[in-house]
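Dear colleague,

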Amino acid sequence: MNTQPWSLRRLHAVDPALIDGLADVLIDCVDGGASVSFMHPLTRERASAFWRRVADGVATGARALLVAEDAHGICGTVQLVLHLPDNQPHRADLAKMLVHRRARRQGLGAALVRAAEAVALDCGKTLLVLDAVTDGDAARMYARLGWIRVGDIPRFALMPLGEPCSTTYFYRDLAG
Ligand SMILES: CC(C)(COP(=O)(O)OP(=O)(O)OC[C@H]1O[C@@H](n2cnc3c(N)ncnc32)[C@H](O)[C@@H]1OP(=O)(O)O)[C@@H](O)C(=O)NCCC(=O)NCCS
C-alpha cells in the first residue's frame, strides 16, 4: 500500500495543464530563494517557456522528466539529461530537482532521486552527474543518498536576489 501523500510517474508527453503545474513548482522554488537558474521574480510566462523547452526535449527523448503529484497537483519534479556527447553514452546529468514548499521534508526529494536513478538504469545510464548550491538543502540530501562530492566552484551562480553562490559537483556511479 502506498502510504505517501504523493505518487511518482515519468512523463512521456507534457500537455499545457502539466506545463502549468510544473511552472507553479518552479515559481514556488524561486520565490522560496532556491538557485535554480532563474532570478526573482520569475514570471509565469518565463517559467512556462522553460517547461515548453523541456517538453520538446521529452518529446525527442533528449530528456527524461519525472513528476510527483499530490491532492493539489504537481508537487515535485526532476529531470535526466540523456542526450550527451557521443563519447558519453553511459552518462546522464540530473537536473532541476524541485519540490514545492508544501511538500518538503517528507522524503519526496529522496524519492525523486531514487526514481531518477532507476529511470537512468532503465535508459542504460550508469553514471550520473549534478551540481547543487554548496552546503545547501539539496547538497546535504545528495550526500545522504550516497552521491560522491567532487568539489566546489566559488562564485558559480547567483541566488535569486543576486547574491553569488558556490556550487558543488556530485556524481553517482550506478554501475556496481
Ligand atoms: C532540496 C529539495 C529538493 C529537498 O526536497 P525534500 O522533499 O524536502 O527532501 P527530503 O524530504 O527527502 O529531505 C529533506 C529533509 O527532510 C528530512 N525528512 C525526510 N523525511 C522526513 C519525515 N518524514 N519527517 C521529518 N523529516 C523528514 C530529511 O532527513 C532531510 O533533512 P535535512 O535537510 O535536515 O538533511 C527541496 O528543498 C527543494 O526543492 N529545494 C528548492 C529547489 C532546489 O534547491 N533544488 C535543488 C537544485 S540542485
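The notes below go through the strands, the cores and then some points in the loops.

Please keep in mind that this is a predicted model, in which local features need pLDDT of at least 70 and side-chain atom pairs count only at pLDDT 80 or more, while totals for chains, interfaces and linings use all residues. Residues are numbered from 1 along each chain as its sequence is written, and side-chain values use heavy atoms, with hydrogens and water left out.

Helices (H or I, at least four residues) and strands (E, at least two) are DSSP runs, numbered from the N terminus. Strands count as paired if DSSP finds at least two bridges between them. Strand S5 (127–133) runs parallel to S4, to which 3 bridges join it, and in this pairing Arg-91 stands opposite Leu-127. With strand S7 (residues 164–173), S5 pairs in the antiparallel sense over 7 bridges, and there Val-129 stands opposite Tyr-171. S4, H3 and S5 make a right-handed β-α-β unit, where right-handed says that, with the strands pointing away from the viewer, the path from the first strand over the helix to the second runs clockwise.

A nonpolar core is here a set of buried Ala, Val, Leu, Ile, Met, Phe, Trp, Tyr and Cys residues joined through side-chain atoms within 4.5 Å, and buried means under 20% relative accessible area, exposed over 50% and partly exposed in between (1.4 Å probe, protein chains only). The largest such core has 31 residues, of which Leu-80, Leu-94, Leu-108, Tyr-142 and Trp-147 touch the most other members. Strand S2 (63–70), strand S3 (73–81), S4, H3, S5 and H4 are the elements that give two or more residues to this core, and H3 gives the most, with 8 residues. A second, separate core of 24 residues includes Ile-19, Leu-26, Phe-38 and Trp-51.

The peptide bond from His-40 to Pro-41 is cis, with omega near 0 degrees, and Pro-41 lies in the loop between helix H1 (16–31) and helix H2 (44–60). Arg-105, in the loop between strand S4 (91–99) and helix H3 (108–122), has a positive phi near 60 degrees although it is a residue other than glycine, and it counts as exposed at 81% relative accessibility. Asp-135, in the loop between S5 and helix H4 (137–144), likewise has a positive phi, near 65 degrees, and is exposed with a relative accessible area of 59%.

With best wishes
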